[in-house]
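Colleague: I am new to this structure. Please take one part of it and go through that part closely.

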Amino acid sequence: QVQLQESGPGLVKPSQTLSLTCTVSGGSITTNAYYWSWIRQPPGKGLEWIGYITYSGSTYYSPSLKSRTSISRDTSKNQFTLQLSSVTPEDTALYYCARENSYAGVYDYWGQGTQVTVSS
């Protein structure tokens, strides 16, 4: 059973960089065909895809967030990390990490989500 767990600060000040880590257990982030995504849900809004890192280490980002987003990984720890720079209150959201099966085109495992609030 694959499990994902988000971790990171719950409060970030405006203009700072938001940094979250997803720790994966029960499966390797280098296993072929899986993409490791970050997704968020602002209060009262729908899900917004932020980006992903593939099993081979390639990254893809939402065009609207690309200039501020970086996703990296530590294969020795089986973790992947989101960094979102120059945050504003509009970046306040529940942040999820998730695994996408690229063959099926579905998210098959999700973390429980972590709330991040941007406020001074």
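Modeller: Asp-91 sits in the loop between β8 and β9, where strands are DSSP runs of E with at least two residues, and helices runs of H or I with at least four, numbered from the N terminus. The model is predicted: local features need pLDDT of at least 70, side-chain atom pairs count only at pLDDT 80 or more, and totals for chains, interfaces and linings use all residues. Residues are numbered from 1 along each chain as its sequence is written, and side-chain values use heavy atoms, with hydrogens and water left out.

Asp-91 counts as buried, at 2% relative accessibility (buried is under 20% relative accessible area, exposed over 50%, partly exposed in between, with a 1.4 Å probe and protein chains only). Leaving aside residues up to four places away in sequence, Asp-91 touches Arg-40, Arg-68, Leu-84, Ser-86, Val-116 and Val-118; contact means heavy atoms within 4.5 Å.

Thr-88 belongs to the loop between β8 (79-84) and β9 (93-101). Thr-88 is partly exposed, with a relative accessible area of 30%. Its side chain and that of Glu-90 are joined by a polar contact of 2.9 Å, that is, a pair of N or O atoms within 3.5 Å; within protein, one must be able to donate a hydrogen and the other to accept it, and residues adjacent in sequence count only if both atoms are side-chain atoms. Val-12 is 76 residues from Thr-88 in sequence, yet the C-alpha atoms are 9.1 Å apart.

As for β8, this strand pairs with β3 in the antiparallel sense over 6 bridges (pairing requires at least two DSSP bridges between two strands). Ser-19 has Gln-83 in β8 as its bridge partner.
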